[in-house]
Amino acid sequence: ATVALTLAGAMTPIGIGGVICSLIERGFVDFIIATGANLYHDLHLAYAFPMVQGSANVDDNVLANEGVARIFDVFIGEEDTLMATDNKVLELIRGFDLSKPFSTARLHHHMGRLLWEKSPHPEKSMVAAAAKFDVPIYTSSPGDSSIGMNLIVPHLFDKPVMLNPVLDVIETAAIVRDADINGVVEIGGGSPKNFYLQTQPTLHQILMDRSKGGHDYFLQLTTDAPHWGGLSGATPGEARSWGKLKDAFINNVVVYSCASITFPLIAQYVLVRSKPRRHRRLFTRLDEMTERLKKAASEIRKRNG
């Protein structure tokens, strides 16, 4: 199977990035869809900028006055970590051609490669690990993070930034179409969850390509219950009704628990019990897979008049 990992929220400040690095190194993750927050906070680790465990039971007015931001019980300094990372983001994107249309995977790969040259601890970064093994990382809502916020600097004061989220839709659909078998591990829900699942309707509903028929495997680790009707709590059965999964019951599991506990346990099981997998290095094949998708879609359009 070509295995995707989707990552919601901001899990990297608690160390989940280290788990993902291990999985990438052993070939168990082929591409990633994550919130921008996960990637931005991952950079703190590469540059050894401090994040410390504090408490969720605190006066946030006091924290704000002291220049400390909080993610539940993780404290992050505004100047020594957040603003310092902002400067590094601008440094990392400086050599990237922002004037031509690009997907988020192209930008993240560039940043990850430079982390090996410019940061003191690239081995602690999942962005760096993904670049090393050519694992594409997509962000389904690129404007909704500090990386997106920093992109306004070159956009306002240099040239327009040609980040094109449509290319993310095309490339992820092309990856899924190219795969023999598709599977996903969903950490939480959020936008990354559906961005992966929508690759199947993109093929059969939009491009009229019936070659896949839904994802083969689905594992979600979530605390979102289905009875509220929200998408993050949407069941595999509901996804099946949209053609996102091949079956409503078979090869689909939802684990209702905190992913910060269950994901490391499952990852450890995989790392201990399974042999390393061949690295697919999908990033190196993005142009090839995208062109194949376009050619197939063009032929279908011609047949359908």
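Helices (DSSP runs of H or I, at least four residues) and strands (DSSP runs of E, at least two residues) are numbered here from the N terminus. The loop between β6 (137-138) and α7 (146-150) is named in this way, and S145 has its place there.

## Basis of the description

The structure is a predicted model, in which local features need pLDDT of at least 70 and side-chain atom pairs count only at pLDDT 80 or more, while totals for chains, interfaces and linings use all residues. Residues are numbered from 1 along each chain as its sequence is written, and side-chain values use heavy atoms, with hydrogens and water left out.

When its neighbours within four places in sequence are left aside, S145 is in contact with G36 and A37, where contact means heavy atoms within 4.5 Å.

## The three-stranded sheet

Three strands form an open sheet in the order β3-β5-β4, with antiparallel pairing; two strands pair if DSSP finds at least two bridges between them. Because β3 (51-53) and β4 (68-71) stand at the edges and each has a single partner strand, one side of each is left without a neighbour in the sheet. From one strand to the next the twist averages 30 degrees. The antiparallel strands β3 and β5 (residues 74-77) are joined by three bridges, and F75 in β5 is the bridge partner of V52.

Helix α2 (residues 36-46) lies across β3, β4 and β5 and runs at about 95 degrees to β3, whereas helix α4 (residues 78-93) packs on the sheet by touching β4 and β5, its direction making about 75 degrees with that of β5. For these angles, axes are lines fitted to C-alpha atoms, for helices over the stretch in contact, and the values run from 0 to 180 degrees between N-to-C directions.

Side chains of opposite charge can pair when their charged atoms come close. A salt bridge is taken as a side-chain nitrogen of Lys or Arg within 4 Å of a carboxyl oxygen of Asp or Glu, and by this rule the count comes to 13 salt bridges. One of them joins the side chains of D30 and R277, at 3.5 Å from N to O. Since D30 lies in the loop between α1 (16-25) and β2 (31-34) and R277 in the loop between α13 (259-273) and α14 (286-303), the pair ties together parts that are 247 residues apart in sequence.

D30 also forms a salt bridge with R280, with the closest N and O atoms 3.3 Å apart; this pair likewise links distant parts of the chain, R280 being in the loop between α13 and α14, 250 residues from D30. D30 counts as buried at 3% relative accessibility, while R277 counts as partly exposed at 23% and R280 as partly exposed at 25%.

The side chains of D178 and R285 meet in a salt bridge of 3.1 Å, N to O. This pair links distant parts of the chain, with D178 in helix α9 (residues 165-178) and R285 in the loop between α13 and α14, 107 residues apart. D178 counts as partly exposed at 26% relative accessibility, and R285 as partly exposed at 23%. A network of salt bridges links D178, R285, E288 and R292.

Definitions and conventions: Buried < 20%, exposed > 50% of the residue type's maximum accessible area, 1.4 Å probe, protein only.
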